[in-house]
Amino acid sequence: MDSWTVSSALLLAGVISSAAFSHFDTECYTANGEDYRGLQNQTSLSGGKPCLFWNETFQHPYNTLKYPNGEGGLGKHNYCRNPDGDVQPWCYIADHEDGIYWRYCDIPTCQMPGNLGCFRDSGDPPTLSGTSETSNKLTIQNCISFCRKQRYKLAGMESGYACFCGNEVDLRDHGESPSMECNHVCFGDHTQPCGGDGWVIIFDTRVGACGGNYSSPSEVIYSPDFPDKYGAGRVCYWTIQVPGSSAILFNFTFFDISDQTDMVELLDGYTNQVLARFDWRSPPRELVNITGDFVILYFYSDRTNQAQGFALLYQALRSQDTRVIEDEGNEEDETDDVSSTAGPQLAVWTIYALAALLILTVIAMVAKLLLHITVKSPNIPTVSGSDSCSQSTASSEPWIILYRPSTISLFKKKLKNHHGDLSPLVGN
């Protein structure tokens, strides 16, 4: 990536409203919040128990002594983390209630985009009224794929084994609850939450789809089969076309591709030119700014290894957003112009000053010569006598006042004597 793209992306990141990206600083990008790096340091925001510092929990399995390089997000802090791949972030607590020295953290923002929340299921009517099935190998993506094939927009999991499909949720009869009620593990993957007893966790069926078309100004795109590992032999295309936008900014909030040939590419939608390519050797480390309103996201996986995949947030920028960047760039150019012309202007003025000093020196030397001639060559009196002498003296007196050669002679004599004192080789 060239320096212009990097600088533009960084500038654009500052121009875009912070609300567009602020939730990605703390929310979970995976279903269980294993990569949560938020700042909540108690089990609940209201009346929760304070968490212990990870660098002081040496009596427990997870601490900074055992994981000194920040594995699992551990460090010299007491923020909630999920270092063991549990169903959601947790922390150690000081109170040993019934022998339990840790608690889950009820983090309101710990909800991956596409997870619509946890809802009560009274059964009459059901929260999602479409097709349903049960499985002892249920995972989030299994349920999502099942409902997607049935052309439903929503997929819900309950009690770890039940899957429900539907197109909308009636919030009047099925209120939303904290995620703590939906942290029962999926029967098919104990690191994923699949609802609870009487509570259903609902996802958008576009999560983990292999391809799709997006036209909204901001959206989240996941790798195929997310939050499960992506399958082998996947070839997926997503089109992101936002009419009226001048550029599209891409932020990979999660990236896990471990195979040598698996890759993610960003292509120009009109020319199919590859603009950026990422794999396990060169993962995305910064925001990616693509000029234009049409971008194609391409994903490829071979038939060997599998990994978690990626989560990508894009944000379309209007012309007014980039105009601010152009203004800032113009200001920088003006500053560069001023700094670039300051040097030549200074040189010109220096030449002028030296020329003026030279002219003044020449004038002073000419004046000195004229004065010297005037004093050394007084007018010869034509009439002898005291009157003529007094007249001659009076006529040359103003020049004597202005020019005192005796002073210069005295200075030269002292200077010469000084040199004679310093060096005995110099004669008189």
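Which residues is Met157 in contact with, leaving aside its neighbours within four places in sequence? Taking contact as heavy atoms within 4.5 Å, they are Leu138, Thr139, Ile140, Cys143, Ala162, Cys194, Gly195, Trp199, Val200, Ile201 and Phe203.

This is a predicted model, in which local features need pLDDT of at least 70 and side-chain atom pairs count only at pLDDT 80 or more, while totals for chains, interfaces and linings use all residues. Residues are numbered from 1 along each chain as its sequence is written, and side-chain values use heavy atoms, with hydrogens and water left out.

Met157 belongs to the largest nonpolar core, which has 27 residues. A nonpolar core here is a set of buried Ala, Val, Leu, Ile, Met, Phe, Trp, Tyr and Cys residues joined through side-chain atoms within 4.5 Å; buried means under 20% relative accessible area, exposed over 50%, and partly exposed in between (1.4 Å probe, protein chains only). Among the residues with the most contacts inside this core are Met112, Ile140, Cys143 and Tyr222. At least two core residues come from each of α3 (140-149), β5 (154-158), β6 (162-166), β10 (199-204), β12 (218-222) and β19 (309-317). Helices (H or I, at least four residues) and strands (E, at least two) are DSSP runs, numbered from the N terminus. The most is given by α3, with five residues. A second, separate core of 25 residues includes Tyr230, Val288, Phe299 and Phe310.

An open sheet of five strands runs in the order β11-β13-β18-β15-β16, with mixed pairing; two strands pair if DSSP finds at least two bridges between them. Because β11 (212-214) and β16 (274-278) stand at the edges with a single partner strand each, one side of each has no neighbour in the sheet. β15 (residues 263-268) pairs with β16 in the antiparallel sense over four bridges, and Glu265 has Arg277 in β16 as its bridge partner.

Aromatic rings of Phe, Tyr and Trp (its six-membered ring) pair if their centres lie within 6.5 Å; planes under 30 degrees apart count as stacked, over 60 as edge-to-face and the rest as tilted. The count comes to 21 aromatic pairs. Trp54 and Trp90 form an edge-to-face pair, 5.5 Å centre to centre with 75° between the planes. Trp54 lies in the loop between α2 (19-22) and β1 (90-97) and Trp90 in β1, so the pair ties together parts 36 residues apart in sequence. Both are buried, and both belong to one aromatic cluster that also includes Tyr62 and Trp102.
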